[in-house]
Amino acid sequence: MTARRTGALALAVPLLLAACAAPADQSTSATQATTSTCSPETMATRTPGTLTIATDDPAYAPWFAANDPSNRKGYESAVAYAVAGKLGFSADKVTWVRVPFNSVVQPGDHQFDFDVNEVSITEERRKAVDFSSGYYDIAQTVITTKNSPIAKATSIAGLKNAKLGAVVSSTSYTAITNQIKPSNAPAVFDTNDAAVQALKNGQVDGIVVDLPTAFYMTGAQLSTGVIVGQLPQTGNAEQLGAVLPKGSPLTGCVSQAIDALRADGTLAKLEKTWLSDGVAPVLPETDGGATTAPAGADPATTAPAGTASASTTAAGAASPS
């Protein structure tokens, strides 16, 4: 996900979301961690005895609720507190700080122990920061409006002449340039809210975002919004992971906690709480091969679909990864 956004939208919108827990073999632990080394007494946190977690401001649904990461509502907020619990930190020993996305993925002296902000794990970003094991698989998705020239596109080929946009430095932008490869140069936006406004104004034919954000935008921000389809996965599934400073002594511990949450079913439970099942088309390269992706399907052939649960309330759209 990237830096986001302007504007505010406080809506409780029923959306549909299917989620896949990150595969166990995607762990990115920098060091081996053991239970004895992963406790409040032994972990070298920024503030002894306290776990400092970062996210962006605002923090949006379905990842957070009401722009308050400390309320434990929304998928990433809930995951963050579950990680803290696995590491032995009670909720009152968790402190939140706000850090813009673009700062999070840059090298430097970060003022947090780890960050959760819909950040996709990439090899390029690993050069600057550490990542935990992945805690959520995502799919890049094209959205538009009903009267757009690409509203009825059924393949990637149908997007070749489109003017598309995405947030700067996001994996959504990379998906446009590397997968869709349109004839028109993609538009770049500082925030998702700016991208939505450009779509409303007809400055772009469509925008690319992660799937949960796509459902939120088309359900809450665009009165005539439609999902064109998901882009097929290429290689390993794209995953969201916690970001830690490069070489952090906590990387192994955070990964161990996430792996344990996957193994004991907590991630799946949180997905069911904050992300509900749905379907969305996966775009083939050319017309005639579209599929519909059921929840939990193999991302190599189909992909998860989704949005926030009906109880989620937030201001604006989540950022891309």
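**Group meeting: rings, helices and a few buried spots**

Okay, let's start with the rings: there are six aromatic pairs in this structure. Bear in mind that we are looking at a predicted model. As a reminder, a pair of aromatic rings is described by the distance of the centres and the angle of the planes.

So, one of the pairs is W63 with Y136. What kind of geometry do W63 and Y136 have? Edge-to-face, with 5.4 Å centre to centre and 75° between the planes. I like this one for where the partners come from. W63 is in the loop between β2 (51–55) and α1, while Y136 is in strand β5 (residues 129–138), and the two are 73 residues apart. Are these two buried or exposed? W63 has 0% relative accessibility, so it counts as buried, and Y136 is buried too, with a relative accessible area of 1%.

Next ring pair: Y81 and W96. Their centres are 6.1 Å apart and the planes sit at 50°, so this pair is tilted. Y81 belongs to helix α1 and W96 to strand β3 (residues 94–98), so here the pair ties together parts 15 residues apart in sequence. Both Y81 and W96 are buried. And Y81 has another neighbour worth a look: R72 lies over the face of the Y81 ring, 5.4 Å from the ring centre.

Back to W63 and Y136 for a second, because which residues do ring pairs link into a cluster? That would be W63, Y75, Y135 and Y136.

Now, helices. Two packed helices are described by the angle between their axes and the distance between the axes. Take helix α1 (residues 75–86) against helix α7 (residues 251–263): the angle is about 110° and the axes are 9 Å apart. That makes α1 roughly perpendicular to α7. If you want to click on the contact, α1 brings V79, A82, V83 and K86, and α7 answers with V254, A257, I258, A260 and L261. Sorted by class, that contact has eight nonpolar residues, one charged and no polar ones.

While we're on α7, have a look at R262, which is in that helix. R262 has a relative accessibility of 16%; buried means under 20%, so this arginine counts as buried. The C-alpha atom of R262 is 9.9 Å from the one of G134, and those two residues are 128 apart along the chain.

Then there's helix α6 (residues 211–221). Ten of its eleven residues are buried, so α6 is largely enclosed by the rest of the structure. Among the buried ones you'll find F215, Y216 and M217, as well as T213, T218 and Q221.

One more spot, H110. You'll find H110 in the loop between α2 (101–104) and β4 (114–115). Its relative accessibility is 8%, so H110 counts as buried. What does H110 touch, leaving out residues up to four places away in sequence? R46, S103, V104, V129 and P245.

Let me zoom out to finish. We have eight helices and 14 strands in the protein. Of the 321 residues, 58% are buried. And if you take contacts between residues at least 6 apart in sequence, 78% of them join residues at least 24 apart. That's my tour, thanks.

Definitions and conventions: Residues numbered from 1 in each chain as written. Predicted model: local features only at pLDDT ≥ 70, side-chain atom pairs only at ≥ 80, totals over all residues. Heavy atoms only, no water. Axes fitted to C-alpha atoms, helices over the stretch in contact; angles between N-to-C directions. Helix = DSSP H or I, 4+ residues; strand = E, 2+ residues; numbered from the N terminus. Parallel < 35°, antiparallel > 145°, perpendicular 65-115°, else oblique. Contact = heavy atoms within 4.5 Å. Nonpolar A, V, L, I, M, F, W, Y, C, P; charged D, E, K, R; others polar. Phe/Tyr/Trp six-rings, centres within 6.5 Å; stacked < 30°, edge-to-face > 60°. Buried < 20%, exposed > 50% of the residue type's maximum accessible area, 1.4 Å probe, protein only. Lys NZ or Arg CZ within 6 Å of the ring centre and 35° of its normal.
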